[in-house]
Amino acid sequence: MARKIVSIIEGRAAPRAQAGSLLSTNPSLLTDVVAEVSLGSAATMAAACAAAKRAHPSWADIPAPVRGRAISAMGRIVEANKQALARLITRELGKPYSEALGEVQEIIDTCDFFLGEGRRLYGQTVPSEMPDKQLFTFRVPVGSVAVVTAGNFPVAVPSWYLVPALLAGNTVVWKPAEYAAASAIALFDLLQAAGLPDGVLNIVFADGTATLAGLDQALQAGTLDKIGFTGSTAVGALIGELAGRHLQSPCLELGGKNPMVITPSADLTLAADGALFSGFGTAGQRCTSLGTVIVHESVHDEFLAQFAAAVAAAAIGDPAQEVVYGPMLDQKFASRFDEYLGWLQPHHKVLGSSGVGKITAANPRNGFVGDPETGLFYHPVIVDGVRADDALFRQETFGPIVGVMTYKGMDEAIALANAPGYGLSSSVYTNNPREVFQFQRRISAGMISVNNSTSGAEAHLPFGGNAKSGNGSRQSGMWVLDQFTRWQAMNWDYSGHLQKAQMDVTELDADLHFKLTT
Ligand code: UN1
């Protein structure tokens, strides 16, 4: 049964269908409509930001340890609903159920980390250069925050923003992906159940154009203090430009073309396993998905044979069953993936499946789990012989496709790994410690895996990228607090007279020409 979903501002449902509506469908069973979503307009977005701004002072006044208790409750409430939420993610986005459970666990982990932060949120006491004077620092909330997220991690990645933002005393407007609306409203309901006052967390459903226009209106009205965005590099640049005009620095988590370098000393079976998981898990639709394998020429043939065999044998299909991956998230990703397949060239050798493109009765996949005709299922594609000037090498290809190329020396491998100009995740397979640190020092990525896949970041390490992958902002753990708080410095002079810094400082009489006489 399709749930009817509307934006919720200040605890009240926004008027229905201000800007039309859309259906969120099950990508493995397209006849199954999961939700009917009323879309808001730019005015809806702007109204939500104004509501968040109004709610901010009283939320910031609630002591941080009390806000931490709310985060604790969120974690327990999500935990008690783990299976139900995971089932909904599998139905709405086609993520295999075991992965969906992992995704929900990532929210719980995030809450577990930040509930304690409510009793820390440390500032410092700092000695003054004057007597009878003290210096302090405080972390103060930024204010009202808009969080715009993608649907490939429909609840975990949003929680990386929502949980620390709320804990730190900010109020939030969340704009989830429209095609993930049912999962989003479920998380919203679970977080609300922790007792958040009206207006502290608001949710808006809107298309990209209305969202950008609404953010612009809110920035101009002074009701929006920070934007968090996870999505494409192109939209990230638009948001960065908009925020920059108002002297704000957004938190941007964008795309990736994540490399995996495999050196001669690597365990090739381990590398093939890692490449399968990071290349094809979530049908290659993670920001951290493997883009290109850069394998030393001496082990290329052996690695490729193992990788191709693993991919050919992988179970693909019904995400409610034990599969490596299910359908594409939504028709728009399926259509784009069809375009990426157009980048295949005669010099490429394609491996990994019994066909290329959409899996159908006429273009079957050996061992497919379920009925491919009901959904948006695609063959996995390994492309060997990728060259540095191929579009497939240079650009993100959100979907089940992995390029393979060779290198001769480590300098060349690292140059190729950096060449596409992204910088999110990366991986190196080696048993040579020297190579690990060579790679670590020179790779442009924000995240490095050693003998592990490019995916699978833990919820308390800094997550984020550089260059086309982001503006250097980091989420997760203590690092994300720098996104949602600002440092405030205070000095308190209780000497009773004006003491001028730098000028009235006591000087000790040092003999700088002193030499030992030996
Ligand atoms: C994303 O793709 O936006 O590291 C996030 C991982 C997950 C998160 C990915 N824990 O693959």
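An oxygen atom of the ligand lies 2.7 Å from a polar backbone atom of Cys-287. This distance, like every value in this report, comes from a predicted model, in which local features need pLDDT of at least 70 and side-chain atom pairs count only at pLDDT 80 or more, while totals for chains, interfaces and linings use all residues. Residues are numbered from 1 along each chain as its sequence is written, and side-chain values use heavy atoms, with hydrogens and water left out.

**Ligand site**

Two further polar contacts (pairs of N or O atoms within 3.5 Å) involve side chains. Thr-288 places a polar side-chain atom 2.8 Å from an oxygen atom of the ligand, and Glu-106 has a polar side-chain atom 3.1 Å from a nitrogen atom of the ligand. Taken alone the ligand exposes 320 Å², of which the protein buries 97%; accessible areas come from the Shrake-Rupley method with a 1.4 Å probe. The residues around the ligand, each with a heavy atom within 4 Å of it, include Asn-152, Phe-153, Val-157, Trp-160 and Arg-286. Ser-455, Gly-456, Ala-457 and Phe-463 are also among them.

**Pocket and cavities**

Rolling a probe the size of a water molecule over the atoms shows where empty space is left. On a 1 Å grid over the protein atoms alone, a cavity is a set of points where a 1.4 Å probe fits but cannot get out, whereas a pocket is an open set with protein on both sides within 12 Å along at least five of seven lines; lining residues have an atom within 4 Å of a point. Grid points are joined across faces, edges and corners, and a volume is the space filled by probe spheres set on the points. By this rule there are four cavities of 30 Å³ or more.

| Largest pocket | about 800 Å³ | Phe-229, Gly-231, Ser-232, Val-235, Arg-336 |

In the classes used here, Ala, Val, Leu, Ile, Met, Phe, Trp, Tyr, Cys and Pro count as nonpolar, Asp, Glu, Lys and Arg as charged, and the others, Gly among them, as polar. The lining of the largest pocket divides into 17 nonpolar, eleven polar and six charged residues. At least two of its lining residues come from each of α7 (208-221), β11 (226-230), α8 (233-245) and α11 (331-341). Helices (H or I, at least four residues) and strands (E, at least two) are DSSP runs, numbered from the N terminus.

Four nonpolar, six polar and three charged residues line the largest cavity.

**Strands around β5**

Two strands pair if DSSP finds at least two bridges between them. Strand β4 (residues 21-26) pairs with β5 (residues 29-38) in the antiparallel sense over six bridges, and a hairpin of two residues joins β4 to β5. Within β5, Val-37 is the bridge partner of Leu-22, and Ser-38 is that of Ser-21. Strand β1 (residues 3-5) runs parallel to β5 and is joined to it by three bridges; Lys-4 stands opposite Glu-36 in β5.

Key:
Polar contact = N/O pair within 3.5 Å; in protein donor to acceptor, adjacent residues only side chain to side chain.
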